[in-house]
Amino acid sequence: MSVDTYLKQKNTAGYARVAADDDVLLLLAPTLVQWAGGVRLDVTSFLGIRRFTVTLEHRHTEACAH
Ligand SMILES: [Zn+2]
């Protein structure tokens, strides 16, 4: 997945918001939310540098072939 941290002049009205940390907000594109059953954001900190790991869970639909 692509991560874009530049949000100026960008319409994020339809985006799903996932609060991750006190000062971090994760925005998910509507098309991404459609097929995602769940989102998990893990925050780890090492030597003062925070690292974010986003995990998307697959949601089964009738279009699934498995
Ligand atoms: Zn499936």
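How many residues lie between β1 and β2 in the hairpin they form? There are five residues between β1 and β2.

Strand β1 covers residues 16–19 and strand β2 covers residues 25–28. The two strands pair in the antiparallel sense, with four bridges. Within this pairing, Arg17 has Leu27 in β2 as its bridge partner.

Confidence comes next. Averaged over the protein chain, pLDDT is 80, and 94% of the residues reach at least 70. The lowest confidence falls in helix α1 (residues 30–35), with a mean of 77, while strand β4 (residues 49–58) has the highest, at 85. Where pLDDT is low, predicted coordinates should not be read in detail.

Arg51 belongs to strand β4. Leu26 is 25 residues away from Arg51 in sequence, and the C-alpha to C-alpha separation of the pair is 13 Å.

Leu47 sits in the loop between β3 (36–46) and β4. Phi of Leu47 is near 55°, a positive value in a residue other than glycine. Most residues other than glycine have a negative phi.

The table gives the exposure of both residues.

| Residue | Other C-beta atoms within 10 Å | Class |
|---|---|---|
| Arg51 | 9 atoms | exposed |
| Leu47 | 4 atoms | exposed |

Arg51 is classed as exposed because 9 other C-beta atoms lie within 10 Å, and the cut-off for exposed is 12 or fewer. Leu47 is exposed because its count is 4.

Key: Residues numbered from 1 in each chain as written. Predicted model: local features only at pLDDT ≥ 70, side-chain atom pairs only at ≥ 80, totals over all residues. pLDDT = per-residue confidence, 0-100. Buried ≥ 20, exposed ≤ 12 C-beta atoms within 10 Å, placed from the backbone. Pairing = 2+ DSSP bridges.
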